[in-house]
Amino acid sequence: MKKIAFDQVLNDYKEVLPQGVFLTTKDGQEVNTMTMGWGTTGFIWNQDILMVPVRKSRHTHQLIENSEYFTVSVPLNDQLKKELQFCGTKSGRDYNKIDELNLELVEVKECDVPVIKGNDLHFICKIKYQQDMLLKNLDEDVSEKNYPNQDMHTFYYGEVVAVYKEE
């Protein structure tokens, strides 16, 4: 893997995000990944930032709450579709997704949260801020469509400390 600049891959990330990327976190020895289909990128506090939303009901939520980092692994060429579908529909409470799918984890020097080999891009992010969504602050049409059970997200803002491209 080779390091590249954040701004070199933003358009690629934005284009593929709605089809799904892997959000991975780790608590102690437990590693879990989930499929994420939306989020934001930006420049806040003079830092490159990825914001990732995680519903409070998700297994990943309890893990990321106990972590300082998360990684985002991005398949740019339609690979790993079956794995993305599985990780988007199965819970880490019920399955060890890494073992079940034979995903190969790769350690990075910046943190103890690995990336998933076979993806084109990897973002290593240090959590700088988190915010629970408040239903009272959400526009009604968004809440009715996306939160009928009031299963809200927590937003995690991660400073992008490194971006890797698989070769």
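Where in the chain is N77 found? The points below take up that residue and then several others.

1. N77 is found in the loop between β6 and α3, the latter covering residues 81-89; helices here are DSSP runs of H or I with at least four residues, strands are runs of E with at least two, and both are numbered from the N terminus. With a relative accessibility of 58%, N77 counts as exposed, where exposed means over 50% relative accessible area, buried means under 20%, and partly exposed lies in between, with a 1.4 Å probe and protein chains only. N77 and Q131 are 54 residues apart in sequence, and their C-alpha atoms are 32 Å apart in space.

2. Some cautions on the source come before the rest: this is a predicted model, in which local features need pLDDT of at least 70 and side-chain atom pairs count only at pLDDT 80 or more, while totals for chains, interfaces and linings use all residues. Residues are numbered from 1 along each chain as its sequence is written, and side-chain values use heavy atoms, with hydrogens and water left out.

3. For the protein chain as a whole, the secondary structure comes to five helices and ten strands. The radius of gyration is 15 Å, close to the 15 Å that the globule rule gives for 167 residues, so the chain is as compact as a globular protein of that length; this radius is taken over C-alpha atoms, and the rule is 2.2 Å times the number of residues to the power 0.38. Along its principal axes, the C-alpha trace spans about 45 × 40 × 30 Å.

4. Turning to burial and surface, 46% of the 167 residues of the protein chain count as buried. The accessible surface comes to about 9200 Å², and carbon and sulfur atoms hold 42% of that surface, the areas being computed by the Shrake-Rupley method with a 1.4 Å probe, and only the protein chains shown counting as cover for residues.

5. S67 gives a local example, being found in the loop between α2 (59-64) and β6 (69-74). Its relative accessible area is 14%, and S67 is therefore buried. Not counting residues up to four places away in sequence, S67 touches T25, K26, V113 and I127; T25 lies 42 residues from S67 along the chain, and the C-alpha atoms of the two are separated by 7.2 Å.

6. S91 lies in the loop between α3 and α4, the latter being residues 97-100, and with a relative accessible area of 22% S91 is partly exposed. Leaving aside neighbours within four places in sequence, S91 is in contact with H59 and K97. The C-alpha atoms of S91 and R58 are 7.3 Å apart in space, although these residues are 33 apart in sequence.

7. Most residues other than glycine have a negative phi. W45, however, has a phi near 55°, a positive value in a residue other than glycine; W45 is found in the loop between β4 (40-44) and β5 (47-55) and counts as partly exposed at 48% relative accessibility. Q150 has a phi near 60°, again a positive value in a residue other than glycine; Q150 is found in the loop between α5 (140-146) and β10 (153-165), and it is exposed, with a relative accessible area of 54%.

8. As for annotation, an unreviewed UniProt entry lists residues 18-164 as "domain: Flavin reductase like"; the positions follow the numbering used here, feature names are shortened, and such annotations may be inferred rather than shown by experiment. In the model, the span 18-164 is 18% helix and 42% strand, and its end C-alpha atoms lie 20 Å apart.

Key:
Contact = heavy atoms within 4.5 Å.
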